[in-house]
Amino acid sequence: MNPQPSSLLADRLDAIVRASPRLMQVLEIARDLGLPDWRIVSGAVYQTVWNALTGRDPDYGIKDYDLFYFDGSDLSYEAEDVVIQRAAAAYPPALSPLVEVRNQARVHLWFEAHFGEPYAPLACSDDALIRFVSPAYAVGIRLGDDGRLDLAAPFGLGDLFAMTLRPNPHRPLAKGWGTVSRGVLTRWPEVVIEGPPAGP
C-alpha cells in the first residue's frame, strides 16, 4: 500500500472536488457538524473524479454521500441515530436523503449479519478504507476549518485516476463483486475491470 498519494494526483483531486458545488456543500455542512474523525468517502469521491475525467456533470451517477465518523464512547444504535437525525436536519431537503451517516466504531456489530463477511472492530474511520472492496474506492476526504482538503487514500490514487477497478488485495473477494463491477460499467463504461469479470 502507498499511504502517501503523489502530490500531483492529490492536487488534481483537490481541484476536482472544489469544482463540484454539491460535494463542497456536503463537505462544508459535515465540517460544521463537528463529528469526531469524520470523512466523506467512497462513491461521492471516486465518482466525482471519474465524472471529471470523462467530461460528465460532477453529480452524474452519484447516488449518495457516505459520511463516516468514529465515536467509541457509545456503540448503541440509539446514539448513532441521534447523530443521523442531527445530520439530516443540517442538510437542505434536496441533500438530506442522500447523506448516509455511519459510526465506524460500531460497524463490526452489524456488518457480518448484513454482508455475510466477518468484520473486526476498527480503530478509526480511516481503517475502514483499507477494507473497501477496491483500491479505487478507498479514498476519503474532509474539509478543515482552514478550508484545506484533508485526504486519506491508503492504496494511493493511481487506480482512481487510471479508472481501474480491481479487488482489494488485502481482502477476500467480496461476494457482491460482480454486481459492483457491473453497476460501475453501466454508468462509466470507460472503467477497466481487472480480476474477475463483471458478472453475477
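Start with W50: setting aside neighbours within four places in sequence, W50 is in contact (heavy atoms within 4.5 Å) with A136, Y137, L160, M163, L165, V184, W188 and V191. This is a predicted model, where local features need pLDDT of at least 70, side-chain atom pairs count only at pLDDT 80 or more, and totals for chains, interfaces and linings use all residues. Residues are numbered from 1 along each chain as its sequence is written, and side-chain values use heavy atoms, with hydrogens and water left out.

**The core**
- W50 also turns up with L27 and L67 as the residues with the most contacts inside the largest nonpolar core, which has 61 residues.
- Helix α2 (residues 21-33) gives this core its largest share, 7 residues.
- A nonpolar core here is a set of buried Ala, Val, Leu, Ile, Met, Phe, Trp, Tyr and Cys residues joined through side-chain atoms within 4.5 Å.
- Buried means under 20% relative accessible area, exposed over 50%, and partly exposed in between, using a 1.4 Å probe and protein chains only.
- In soluble globular proteins, nonpolar side chains tend to be buried together.

**Helix α2**
- The buried residues of α2 are L23, M24, V26, L27, I29, A30 and L33.
- At 1.5 Å a residue, the 13 residues of α2 should span 18 Å, and the end C-alpha atoms are 19 Å apart, which agrees; the expected span is 1.5 Å times one less than the number of residues.
- Just after α2 comes G34, with a positive phi of about 65 degrees.

**Strand β2 and its partners**
- Strand β2 (residues 65-69) has 5 of its 5 residues buried.
- Y65, L67 and Y69 point one way from β2, while D66 and F68 point the other way.
- Strand β1 (residues 39-41) pairs with β2 in the antiparallel sense over 3 bridges, and V41 stands opposite D66; pairing takes at least two DSSP bridges between two strands.
- Strand β3 (residues 99-103) runs parallel to β2, joined to it by 5 bridges, and V99 is the bridge partner of Y65.

**The whole chain**
- There are 8 helices and 7 strands in the chain, taken as DSSP runs numbered from the N terminus: helices are H or I with at least four residues, strands E with at least two.
- Buried residues make up 46% of the 200 residues.
- Of the contacts in the chain with a separation of 6 or more, 70% come from residues 24 or more positions apart.
- The C-alpha trace spans about 40 × 40 × 30 Å along its principal axes.
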